[in-house]
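I opened this notebook to record what I looked up in the model. The entries follow in the order of my reading.

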Amino acid sequence: MLILTAFLATAASAASTSTNDAASYIEITSYEVSPSVFMKGDTGTIQVTIKNTETSSVEIQSADLFSKDLTLVNEESYSTVGTVGPGTSRDFTFTIKADASDGIYYPRFYINFAGGGSMSGLIPVKVESTPLEISIIDIPDEFGKDVKDPVTVLVGNPRENAVNGVVVKPESDTALFIQNSYFIGELQSDGSQQVEFEVIP
């Protein structure tokens, strides 16, 4: 859901359009949140695309993202924007850190027009900290000291979004592992992958 609120000034604009026209010329055409669902502590991005739908240029003074729950990492990245030509689009990418509890948050994307006036839109961001699941699916009935045996585990992703950069690292105080880690990479939502480690007690 995308909620837009426009605040219009009555003063005349020195830009290519009047103040009243500027907000009506610019539309938020799309946004993309990556990852689509954050874990608490994740750092990701929000990309907002605007478009000038009219035949006159619009001068934008600045763009920003405001949230009392999520931390904006790249503050003042768009303290100066410039002109958006007729029929053209412009992307704004903000880096955020999800240091809030699980829930849905609505940071506000905000545009200030050079001649006065502004517009804004709310961007939904979901934080959900369900972890990956790991299960042992094949293990010897008995281990022999200094004898190498395979152990197979299954890594599953119960989250509603894909997870990238998945690495499995075995640890033990009483055994050695031939493989120190296993790189899975991307694991799709509701997906799983088997990983085999060779263990020497």
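I sorted the lining of the largest pocket and found 13 nonpolar, 1 polar and 2 charged residues. Here Ala, Val, Leu, Ile, Met, Phe, Trp, Tyr, Cys and Pro count as nonpolar, Asp, Glu, Lys and Arg as charged, and the others, Gly among them, as polar. A pocket is an open set of points on a 1 Å grid over the protein atoms alone, where a 1.4 Å probe fits, with protein on both sides within 12 Å along at least five of seven lines; lining residues have an atom within 4 Å of a point.

I noted that the model is predicted: local features need pLDDT of at least 70 and side-chain atom pairs pLDDT 80 or more, while totals for chains, interfaces and linings use all residues. Residues are numbered from 1 along each chain as its sequence is written, and side-chain values use heavy atoms, without hydrogens and water.

I read a volume of about 220 Å³ for the largest pocket, the space filled by probe spheres set on the points, which are joined across faces, edges and corners. Nearest its centre lie Val151, Val153, Pro170, Phe177 and Phe197.

I then turned to the second largest pocket, with about 180 Å³ of space. Its lining includes Val37, Met39 and Arg159, and divides into 5 nonpolar, 4 polar and 2 charged residues.

Lastly I checked Glu128. Leaving aside neighbours within four places in sequence, Glu128 is in contact (heavy atoms within 4.5 Å) with Val37, Phe38, Met39, Asp102 and Arg159.
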